[in-house]
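Subject: Handing over a structure

Hello,

Here is the structure I promised to pass on to you. Please have it open while you read, and my notes on what turned up follow below.

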Amino acid sequence: MSRWSSEQEAREELKALVTEYYHDFKEKKEPYREGERIHYAARVFDEKEMCALTDAMLDFWLTTGRFSERFEKEFAAWLGVKYAHLVNSGSSANLIAFTALTAPELGERQIRRGDEVITVACGFPTTVAPILQYGAVPVFVDVTVPQYNIDVSRLEEALSERTKAVMIAHTLGNPFDLAAVRAFCDRHGLWLVEDNCDALGSRYTIDGETRYTGTWGDIGTSSFYPPHHMTMGEGGCVYTDSAQLHRLILSYRDWGRDCVCPSGHDNFCGHRFDGQFGQLPRGYDHKYVYSHLGYNLKVTDMQAAIGCEQLKKFPGFIERRRHNWERLREALKPAEDRLILPEAAPNSRPSWFGFLISVRPGSGLDRNAMTRYLESKNIQTRLLFSGNLLRHPCFDPLRGTDAYRVAGGLENTDFVMNHTFWVGVYPGMTDEMIDYMAKVILEAAKL
């Protein structure tokens, strides 16, 4: 006979053991000691995420299911959007966001091969990769310092008769000038895709209305990779208020199929066997009708279960990131004659992903020497991703071709590539860790 009277009783006992395991082996019990390794980011979790993961594992559904549906609904409500669809990474979210805009259903606004998309070279490559992979043309615009976001004064210069969209990221939590970019897109009838992977929880105000970043554009994307604002391990999300784009996002994510049945459900629409599609015979099974050339980029329910618990903690994560960023910036004020410290965009309230620092020209400091010193003191550093993506080996085959173009120069982008780095402010950091980082950065700046 079973030791349990029901499956639910068994689940509760197993989760009680998982909770005990967390407290015995995973919970950090010792305070930070100066000199211990400080990572730029880390997972912040407790027994609740581990128990949710246990619940999903015991379901053994494995693919998208009840936890995914719950997260999408709760995440959309939190952001204030109508539709949110989980995918397996932030990079996949960008791929789906862009690919949805290539759908024939969009008519004159469809992005076709050879059409142009305005973006920046100073950032993460998977914001740009879908544009090139499809055969559209990225048009690169410089950034400003110390906001490290697109220079909106160059948008009109970047525009051509082939421009169809703007697709850019908010840099390390600092929103780009959404008022200017949104107005530019509205003025010229362009799509706006907000890569929100490094800025989840940031807010921006236009004409007295405040919204989360990622919701001012036509489509927003998020990443739930471990270093990001909240985590599922891997995972991402694509969100929109447009019913048409919602339908296209779902299709391209799920193999390109025409059917909207949730995973594990048949005949959701009640018309599985009575439709006429393309050149297929009438009544062809709608579950196997493909209206687009899509992918399978779904998330697993185990990942989504973690996300459901992370979302409950997320408002606290945002506030701790802001606290850490502000404490670090205040501590580094004595170095402002040698270091360029970051500044929040006007009309914004960032949810900071990291703390950007640039070595000031003429200071006698060297970025690489500074990062080596910090690393030697157990402080993990990162560069601003690609620096200048156009200077990477992946662009060697494209150089000198019409696969991309640059609007004006990329002087600040090159400056970032040579002089900028960042350190973390993730919510697991204590004041003692922030203060130690500040002390070491000041040492590296020879103060």
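Let me begin with aspartate 218, which is buried at a relative accessible area of 19%; buried means under 20% relative accessible area, exposed over 50% and partly exposed in between, with a 1.4 Å probe and protein chains only. Before going on, please note that this is a predicted model, in which local features need pLDDT of at least 70 and side-chain atom pairs count only at pLDDT 80 or more, while totals for chains, interfaces and linings use all residues. Residues are numbered from 1 along each chain as its sequence is written, and side-chain values use heavy atoms, with hydrogens and water left out.

Salt bridges

Aspartate 218 has a salt-bridge partner, arginine 182, with 3.9 Å from N to O. A salt bridge here is a side-chain nitrogen of Lys or Arg within 4 Å of a carboxyl oxygen of Asp or Glu. Aspartate 218 sits in the loop between strand E7 (209-212) and strand E8 (219-223), and arginine 182 in helix H7 (residues 178-188), so the bridge ties together parts that are 36 residues apart in sequence. For these names, helices (H or I, at least four residues) and strands (E, at least two) are DSSP runs, numbered from the N terminus. Arginine 182 is buried too, with 14% relative accessibility.

By this rule, the count of salt bridges comes to 40. Two that you can look up lie in helix H9. In one of them, glutamate 309 meets lysine 312, and their closest N and O atoms are 3.1 Å apart. Both residues lie in helix H9, 3 residues apart, which is about one turn of the helix. Glutamate 309 is buried at 12% relative accessibility, whereas lysine 312 is exposed at 55%.

The other joins arginine 322 to glutamate 319, at 2.8 Å from N to O. Here again the two residues are 3 apart in helix H9, about one turn. Arginine 322 is buried, with 6% relative accessibility, and glutamate 319 is partly exposed, with 41%. Elsewhere, salt bridges that share partners join Glu7, Arg11, Glu12, Lys15, Asp55, Asp59 and Arg66 into one network.

Aromatic rings

How many aromatic pairs does the structure hold? There are 19 aromatic pairs. Rings of Phe, Tyr and Trp (its six-membered ring) pair if their centres lie within 6.5 Å; planes under 30 degrees apart count as stacked, over 60 as edge-to-face and the rest as tilted. Take tyrosine 32 and tyrosine 436: their ring centres are 6.4 Å apart and their planes stand at 50°, so this pair is tilted. The pair links distant parts of the chain, as tyrosine 32 is in the loop between helix H1 (7-26) and helix H2 (47-59) and tyrosine 436 is in helix H12 (residues 431-444), 404 residues apart. Tyrosine 32 is buried at 14% relative accessible area, and tyrosine 436 is buried at 7%. Ring pairs also link Tyr40, Phe124, Phe353, Phe385 and Trp422 into a cluster.

Two arginines sit over rings as well. The charged end of arginine 113 is over the ring of tyrosine 134, 4.4 Å from its centre, and arginine 203 lies over the face of tyrosine 212, 4.2 Å from the ring centre. The rule for this asks that NZ of Lys or CZ of Arg be within 6 Å of the ring centre and within 35 degrees of the ring normal.

Cysteines

The count of disulfides (pairs of cysteine sulfur atoms within 2.5 Å) comes to 0. Cysteine 269 is in no disulfide either, its nearest cysteine sulfur being that of cysteine 261, 5.8 Å away. Cysteine 259 is buried at 5% relative accessibility, while cysteine 269 is partly exposed at 38%.

Tryptophan 255 is in the loop between helix H8 (243-253) and helix H9 (301-331). This tryptophan 255 is partly exposed, with a relative accessible area of 41%.

Enjoy exploring!

Best wishes
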